[in-house]
Each structure stands twice: as structure tokens, then as C-alpha cells.
Amino acid sequence: MDFNEKLDFLMKLTNTSNSMLARHIAMDPSFVSRLRSGTRKPSKNEDYIEPISRFLSKRCTEDYQRDGLFDALGINQRHIPTDPTSISGLMISWLQNRESTTDDSILSLIKNIDEFSFKKPQTQNTEAAGLPLERMDSGTYVGIEWKRQCVLAFLSAVIQSPSPQTLLLYSNEDLEWLAGDPAFTAKWAALFFEVLKRGNNVKIVHTVSRSLDEMLTAIKEWLPFYMTGRIEPMYYPKTMDGVFRRTMFIAPETCALISNSVGSVSSSSVNNYFTDQTAIKAYELEFADFLRQCRPLMKIFNPISSAEHLESMVEFENEDGDIMIRSRILSSFTFPQFLLERILKELNHPDKTSMLTFHRIRLNRLIQSLATNRITEIVVLPAIEDIKEKRIPIGFSTMFSEKEIPYDQYTMKAHLENVVSLLKHHENYNVALLDSSDDDLSIYIKENVGLFVLKYSIPSITFAINEQGMTSAFWNYLKLKMKQVTPDKSGKENTIKAINDYIKRMGVQ
């Protein structure tokens, strides 16, 4: 978390308003508001963190408040004194440590997406698809080990269900039940993959509203399942008190697992496993009420869902805002229309007309946007030998073909000439040339609107995100990338010269 996120969390946890805090530490309420929103950053010699912490610690008196604080700090409350002085010290240390791990979390997520490949789970050769299935009667079961058995039975029952369904999943209980036993985790993952393989879809609510880093970590951990395209991730945007915690696994046509615990104590949690349709329906309605208070964490598209992908992209591009695109290869945003027409004709693509129409709309929208908004591309020009040997794929080709379509010299030349033309004729269009890139992903972001993370290499996938915290974090990440541009390649004139020199070295007439 950044400083403003930490302060906002502590003030919400202690039910402290801006005016209340300002009054007790002799500060203007508007200044507190700016600190809390992030529009004002603490100076190096700030003298208000200690009085802020002392005041907030006096309001952190309830068990649920201290539990929430200890959870946020990632410490075991059983080993920490809970008097106001000790709590104040913890708050001071936390607020003064302003070094954010968000950039590291983004880099880790990008690395995981870029290097992802499907691996066949290691399972025993029994029952459905070689997976060991569990069976359990309806009833009440107590403790972590029984929770694990209930979860395996839940997934097994879904696998054996005669028709696919949409599962409803949520848990904000301590994850010791999931991560504490590697053998169980391996079984759970294998069964869950089989559930998805059999055509079931999943709506899952992540409990990640309190920390951006938690959100990024949750995405990374669920990445193998997201890549199937069958997961619809949601998140609850408000802070929960963390006292009473719950797990809800619901398969509307088959069974449900409902469990409850207090705080982080899950060893004595009560787990209720249902197969009665009346009970399942009641919990399904309860989950629907909860879902209406949640927001989409992201939308996920693969080549099968290309129509939905295009629809979402059109909606995104109709919004106003400055744009940054970071890609190891040239973006589809500037790909000439006649080149796409030629490729689709060669492929005899069934959606040729609609894709050409969509691309024409995008190009027109690009020109319109440049009248009022800045568009910056951050790219790497590939080795010319790789172009000649046709090793560089056209970025978005896997979204309309089962295989990558490579650039040839003439296609690359035409694309680069279009980029140069845009640079010359539009003041708001800029290109930054990096010497290298650590991944093959494209990040396409519009400030204060949202972003797309596109993995073009097979298995190709696209993540569409409009959660504001993540949008801001990725925007700042790309601004840092801009600083890696060497001085001799910065500025329009240098960029145009570098691209024209590159075209000449390709030797294409």
C-alpha cells in the first residue's frame, strides 16, 4: 500500500472523519483530505505522522479493529501487545514505510502472464479423467480437515454432474485450509481444472478491496484458472470488519458448502455440506444479493470470445482520455487497414467483414482522439534479421487465427511508415523506442478509464480491467518505463530518424 491507502484504511478502521482527525492534531481538514486521497504526498521531514498515529491508536480499541490492523500488517496478534502505545508504534512504522511494492507486484504479474503455459496436473489414475473423486453425505462437519474434504467432495460432485453449470464462489476465511497442505492444494487444483474442462463456468468474488497488492497477488495466483476463459472474477469494494468470516461454494444444480469462522481462527469452523435443493436455492439467492454489491475485477477474452473482445474494445475506445501503449512489437492501433484486409483475405477468415469494419472504426477513432488527447506508444524495434526470417508475429494475429502470422519485410515497412506519418502530422502522437523488453505482452491503458493486458503468444488471452486502483498503478508503471528511453531516442525528430534508419537497414524498396 502507498501512504494514502494506509491512512485511508486506518481512518476507516477507526471510524475517523477528516474533520475529526484535523481537529485533534491541529491540521486543516482539506490537508487531511489531500493526504488521504493521494493528491498530497508526505514530505521527507513530515512531523504529523506521530500525532496522527497516537490519535488513531486511541480509537483502535475493539478486537475487530486490532484484528484488522494486524491482518493489514501481516503480523500475528498473539505476539503483540495491544495497548495504545504499542498500537501507535505499529502505525508510525507502517505509515513511515512509504516504499510501495506495487511496481514489484505488477512486474511479477506481467512475468507470470508472459511465461504462462498449461501443464497437465499430476494425479492418480482413478475415476473421472484419472482424478480421485471424493464423496460425502449432507451434514455438518467441524474443522479444517473436514473443510478440505467438503471442498473435494463439492468439486467431485460438480465433475459428475450431467450438465455444465455456473459455480458461485466466495471465501474471506483464513486460507490455511487451502494453502496449509500441499497435497490437498494439488488435489484441489487438479479437480478444479477438471471442473472447468467439463464446461462449467465460475463467478468468484475476491476479498481484495483493502490492498492493491493483494488484488495483484490474487490475480497472479488465479492466473492458471483465468487462462481457461471460464472465470468471471468480481471484488467487493468496501472494507469488511473481519470478525465474522464466511465461505460459500455453490453449485446451483448439485450441492453447496457453507462455512463460518471468527477472525483468523478457522480450526473450529463449522462446515455445512448441502445437497438439498431448497437449501441450495436459498443460498444461491443470498449470493445473488451479495453479487449485486460487487464490481467486476476484470473481463477475460480468448480467441473463442473474439466477438466479445471487439465489443469491449469499442466501448473502451469510445471513452476520452490520454493513452499509453507498451508493447515489444508494434501495436494494432496503428496497423494499416490495407494490410489487415490482405491478411484476412489470405486466411479466408469467416468474420472478415466485421473485423475490417471494427479496425476502420478504431483508426478513425485514433485520429479523432489525437485532436484532444495524447497517445504514446512505448515499443522495441525487433532485430532486422528476425524480420527477414519471419520470426516476429503480427501482434494481434492470434486473436483471429489459430497460429501466429509473422511480419515480412514489406508488412513491417508499411506499418512503420504509417507510424512515421502519424508522428509527422499529429502533435499529440508520440513514440518512445526502448532498447529491449523483458516480455511479449502488450499493455494498452487509458488514464482514469481502464486497461487491456494482451498476451498474443499462444495460449493467447486478453485481460480487460477498469478497477481504478489497478489502472493508476499500471499508468504509473508505464511512466517509469518512459524513463528508460535513452536521450538519443527521445523526442519526435530523433524517433522519426531512428525509424527511417531502421527501414533503410531492412533494405526494402
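This is a predicted model: local features need pLDDT of at least 70, side-chain atom pairs count only at pLDDT 80 or more; totals for chains, interfaces and linings use all residues.

Colleague: Fine. Where is Gln165 placed?

Modeller: Gln165 is in the loop between α8 (144-160) and β2 (166-171). Helices (H or I, at least four residues) and strands (E, at least two) are DSSP runs, numbered from the N terminus.

Colleague: Is Gln165 buried or exposed?

Modeller: Gln165 counts as buried because its relative accessibility is 6%. Buried means under 20% relative accessible area, exposed over 50%, partly exposed in between (1.4 Å probe, protein chains only).

Colleague: Which side chains make polar contacts with the Gln165 side chain?

Modeller: The side chain of Thr254 does, at 2.8 Å. So does that of Ser161, at 3.5 Å. A polar contact is a pair of N or O atoms within 3.5 Å; within protein, one must be able to donate a hydrogen and the other to accept it, and residues adjacent in sequence count only if both atoms are side-chain atoms.

Colleague: And what else does Gln165 touch?

Modeller: Leaving out residues up to four places away in sequence, its contacts (heavy atoms within 4.5 Å) include Val158, Asn200, Asn201 and Pro252.

Colleague: New topic. Which residues of α6 are buried?

Modeller: Ile87, Ser88, Leu90, Met91, Ile92, Trp94 and Leu95. The buried residues of α6 pack against α1 (3-13), α4 (49-58) and α5 (63-73).

Colleague: How many residues are in the largest nonpolar core?

Modeller: That core has 65 residues. Phe154, Phe192, Tyr226, Tyr273, Phe463 and Phe474 have the most contacts inside it. Helix α8 gives the most to this core, with 10 residues. Another core lies apart from it, with 47 residues, among them Met355 and Tyr444. A nonpolar core is a set of buried Ala, Val, Leu, Ile, Met, Phe, Trp, Tyr and Cys residues joined through side-chain atoms within 4.5 Å.

Colleague: What does Tyr273 touch?

Modeller: Beyond four places in sequence, its contacts include Met136, Tyr141, Cys150, Phe154 and Cys255.

Colleague: Backbone next. What is phi of Ala26 near?

Modeller: Near 55°, a positive value in a residue other than glycine. Most residues other than glycine have a negative phi. Ala26 lies in the loop between α2 and α3 (29-37). At 78% relative accessibility, Ala26 counts as exposed. Phi of Asn15 is also near 55°. Asn15 sits in the loop between α1 and α2 (18-25).

Colleague: Last one. How many salt bridges are there in the whole structure?

Modeller: The search finds 16. A salt bridge is a side-chain nitrogen of Lys or Arg within 4 Å of a carboxyl oxygen of Asp or Glu. Glu50 and Arg54 form one, at 3.7 Å, N to O. Those two are 4 residues apart in helix α4, so about one helical turn separates them.

Colleague: What about Lys497?

Modeller: Lys497 forms a salt bridge with Asp501, the closest N and O atoms being 3.0 Å apart. Both lie in helix α20 (residues 492-506). Lys497 is exposed, at 52% relative accessible area, whereas Asp501 is partly exposed, at 26%. Elsewhere, salt bridges that share partners join Asp8, Lys12 and Arg36 into one network.

Terms used:
Residues are numbered from 1 along each chain as its sequence is written. Side-chain values use heavy atoms; hydrogens and water are left out.
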